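Subject: Structure handover

Hi,

Here is the structure for you to look through. My notes follow below it.

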Amino acid sequence: MKFIYSILVIATVAFAAPSELVKRASVSDVATIGYASLNGGTTGGSGGTTTTVTTLAALTAAVTGDAKKIVIISGTITGNTVVKVGANTSVIGAKGSALNGVGLRVIDVSNVIIRNVKISKVLAEAGDAIGVQAAHQVWLDHLDLSSDRDHDKDYYDGLLDLTHGVTGITVTNSKLYDHWKASLVGHSDSNGSEDTPITVTYANNYWTNLNSRTPSFRFGHGHIYNNVFDNNSDGINTRDGAQLLVENNVWTGTTKPLYATDEGFAVANGNDFGGASNTAPVGTFTKAPYSYTLIATSSVRSSVVAGAGQTLTF
């Protein structure tokens, strides 16, 4: 899938004190942060029909097709599969809802929002907890993604994988934890022709007790800011020519918070590496193509951790 990207916006940066925990949201909210806010924005199913689902069959049927639609998950849905989400869709997790063993896949479509969804223990034979492939304009917000580390690293697959040339992706206010392979960006080392256009924003997320891929970023451009990383075995790995802008993040418990393999690059500003060091070569990505708010580094933890994950009500 081909994609032509033009930078139309000059970035401006604001600095903020800790924000209050967001408790209420609207199912019609649209993306206002990061790459998902560009190129016409990401509105998901705003303005479409609203359906509440309580079973796997109902969920699978409700998210198909390209018509505008808002799908609300209620209660706990259990299975061993991934559900494909159609274009122009908002998938919303009601308070206390959960998908156990059921992942969501966004493939070859655009304009999708997934918010406040809790997903756990999706087996590798089914796929990733969240998988976005060859898709554009996707906002992933207030997700709670986990499994366990009681099995080997291949028992589960990724928590949040963004591959095959995805563009316009924003991941915000999410919690990724208790897992081996957290978040992969870029399909493979040999897929540069498709993956070089990748554009991803990670902002205000909490990453803890993860073995690797926090994230692992191949090719493309990534903006990673206001994140907290606690007690992970690995850090941000910039790879295969990736250009990352890494700002005002906080780490504890890792010896390599930001590093490169296979000629990846990063520009790092205002980070607290927890006594460890950034060893990534300096790149050329110095300004994001949108406005955004940096939390003071000393306040990132108190601002981000409590509000990350499935903490919204609608």
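Asp-230 and Arg-301 meet through their side chains in a salt bridge, 2.7 Å from N to O. A salt bridge here means a side-chain nitrogen of Lys or Arg within 4 Å of a carboxyl oxygen of Asp or Glu. Asp-230 lies in strand S20 (residues 228-230) and Arg-301 in helix H3 (residues 300-304), so the pair ties together parts that are 71 residues apart in sequence. Helices (H or I, at least four residues) and strands (E, at least two) are DSSP runs, numbered from the N terminus. Asp-230 is buried, with a relative accessible area of 7%. Arg-301 is partly exposed at 32%. Buried means under 20% relative accessible area, exposed over 50%, and partly exposed in between (1.4 Å probe, protein chains only).

Some ground rules. This is a predicted model: local features need pLDDT of at least 70, side-chain atom pairs count only at pLDDT 80 or more, and totals for chains, interfaces and linings use all residues. Residues are numbered from 1 along each chain as its sequence is written, and side-chain values use heavy atoms, with hydrogens and water left out.

**Other salt bridges**

The search of the whole structure finds ten salt bridges. One of them joins the side chains of Asp-141 and Arg-115, at 2.8 Å from N to O. Asp-141 lies in strand S10 (residues 136-141) and Arg-115 in strand S7 (residues 110-115), so this pair ties together parts 26 residues apart in sequence. Both residues are buried.

Asp-148 and Lys-121 also meet in a salt bridge, at 3.7 Å from N to O. Asp-148 lies in the loop between strand S11 (144-146) and strand S12 (160-163), and Lys-121 in the loop between strand S8 (118-120) and strand S9 (130-133), so the pair ties together parts 27 residues apart in sequence. Asp-148 counts as buried at 9% relative accessibility. Lys-121 counts as partly exposed at 43%.

Salt bridges link Asp-189, Arg-218, Arg-239 and Asp-240.

**The sheet**

Ten strands form an open sheet with parallel pairing, in the order S2-S3-S5-S7-S10-S13-S16-S19-S22-S25. Two strands pair if DSSP finds at least two bridges between them. Strand S2 (49-53) and strand S25 (265-269) are the edges, each pairing on one side only. Neighbouring strands are turned by 10 degrees against each other on average, direction ignored. Axes are lines fitted to C-alpha atoms, for helices over the stretch in contact, and angles run from 0 to 180 degrees between N-to-C directions.

S2 pairs with strand S3 (residues 69-73) over five bridges, in the parallel sense. Val-53 has Ile-73 in S3 as its bridge partner.

S10 is mostly covered, with six of its six residues buried. S7 and S10 pair in the parallel sense over five bridges. Arg-115 stands opposite Asp-141 in S10. S10 is also joined by five bridges to strand S13 (residues 167-172), and the two run parallel. The bridge partner of Val-138 in S13 is Ile-169.

**The cavity**

One cavity of 30 Å³ or more is counted. A cavity is a set of points on a 1 Å grid over the protein atoms alone where a 1.4 Å probe fits but cannot get out; lining residues have an atom within 4 Å of a point. The largest cavity holds about 40 Å³ of space. Its lining includes Lys-121, Asp-128, Tyr-156 and His-179.

Regards

Methods
On a 1 Å grid over the protein atoms alone, a cavity is a set of points where a 1.4 Å probe fits but cannot get out, and a pocket is an open set with protein on both sides within 12 Å along at least five of seven lines; lining residues have an atom within 4 Å of a point. Grid points are joined across faces, edges and corners, and a volume is the space filled by probe spheres set on the points.
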